[in-house]
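Dear colleague,

Please find below the structure that I am handing over to you. My notes on it follow directly after.

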Amino acid sequence: MTATFVAGTGGSQASRVLGRKLDSIPFSGYHVLIIAVLGLVGFVEGYDLVMTGSLLVLAKTPLHLTDSDIRWLAVGPTLMLCIGGFLSSAVSDHWSRKTIMLIGVIATTFFTLLVPLVQSAEQLIIVRLLTGLGAGGAVSAAFPIAAELMPAQHRRTYGAIYEMSLAGSFTVVPFIAGLLSGNVDAFRFLALPGGLSITVVPVLIYFVLPESPRWYLRKGRPETAIDIVNRIIKRAGERVPPLTLAALGDHQEAAREQLPPYWALFARGQLRWTTVGILGGVCAGTAYFLISVLLPKALNDQGAAVSASFAITSIVYAASFFGKGFTGFLMEVIGRRWTIAYALAGSLPGLCLMLLAHRAGDYAAVVMVTGALITGFTVLSAFTATRVYLSEQFPTALRGRGHIFGESFGRLFAGVLAPFLMEPHTGSATIFFGTILVVVAIGAFIPVCFGRETVGQLEVVTETVPEYA
């Protein structure tokens, strides 16, 4: 039997009217507040998750980590992050976006707060596994939320600031780790800021972030959707007329549309966009995870001092702070696809320099730092575009499940399989940096050759989905 998810020219008339109204609201201080809260979520989640690379070094001696323990710490949290993401994806679009984020943030910060209390390698591994499980929804939920609250022309602003917040946390963690290195309790002190944020961040999410009006309309609650839209209009300065129930027309049309099943992500007409969105993230994500999880260990194994390995890692992420801002600007100028291609292909010279730095003699440090700056400014900055691009591959009724599934599925390869396979080879610069180079080179062509451009109103760009069997 064949059912129709969405027919016609882009979802129901009510959803298009509501979407156009949201896109017409001028950018304001209220949008800045939403971005700031989501950016804080990104900073805290990034801090709590990126600690893995530093923990491999700082906790090795005090907790007597074995090679097996190190391997579990390297890939286990990310594996649980994927599992948590799949669980969140299963209930997303059924539960509210904000609920998914709240559960994830509370779980992540709570388990991070337990890190200072661990007394053995086994306890540390368990706590980090539970941290990854809790973070499964939180790290991905921000983009469906922002995609549906930000006007179309300002999603790049959100994407850039959110990713810059992540870059800030990625920079801070190895910097603090380097300052604390030599202290037997360094890994405990490192975890405290991320854990203590449980007292602040969930409260801000609950009271500041509105729920998605598009989600409420799909749930058959148009009055609530209109109330949220008009509240945003009021807080944005009332520079456009409020939305009325009459303007939506047949608002029950959206509610009558059956929420598509999970496997609609892989249906005819949607499978290609799901696949392209995921593959772009996989290639950029492989570079990110190998660097965030294994770069300090790789540099240390290749002869660098512990403090130097942390310093290079901080430099990579410091460069990505500025690179993500530039990527956010560029994606509205040349489009999402070509920006992704630029970010991945542009990193190839930097990766080559990092690969060859050990052969540069007295100039090895200069070559490595130059390569790190280029790599951070390009491929580690790709997520400003790849995450927005992934969210825009799905219609509203699939966006929550599709985005979280896409990131979780991508992490299985980028964050679990790649570090698991590469961990024994971190002592070889050729294998470690060469693998990243090959994956990134392939990923640069995927969106351009097989994808579509998605800039525009969500209902127009993504809602038209052919029948699924």
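How many of the 27 residues of H18 are buried? The count is 21 of 27, and H18 is thus mostly covered; buried means under 20% relative accessible area, exposed over 50%, and partly exposed in between, with a 1.4 Å probe and protein chains only.

The model is predicted: local features need pLDDT of at least 70, side-chain atom pairs count only at pLDDT 80 or more, and totals for chains, interfaces and linings use all residues. Residues are numbered from 1 along each chain as its sequence is written, and side-chain values use heavy atoms, with hydrogens and water left out.

Two helices

Helices are DSSP runs (H or I, at least four residues), numbered from the N terminus. Helix H18 covers residues 396-422 and reaches 37 Å from its first C-alpha to its last, close to the expected 39 Å; the expected span is 1.5 Å times one less than the number of residues. At Arg411, H18 bends by about 40 degrees, the bend being the angle between axes fitted to the seven residues ending there and the seven starting there.

Helix H1 (residues 13-24) has 12 residues, and its end C-alpha atoms lie 16 Å apart, in agreement with the span it should have. Nine of these 12 residues are buried, so H1 is largely enclosed by the rest of the structure. Among the buried residues are Arg16, Lys21 and Asp23.

A buried glutamate

Glu211 is found in the loop between helix H8 (201-208) and helix H9 (213-218).

Two loop residues with positive phi

His64, in the loop between helix H2 (29-58) and helix H3 (67-91), has a positive phi of about 55 degrees although it is not a glycine. His64 counts as exposed, at 64% relative accessibility. Glu238 is found in the loop between helix H10 (222-235) and helix H11 (252-256), and its phi is near 50 degrees, also a positive value. Glu238 is exposed, with a relative accessible area of 57%.

Yours sincerely
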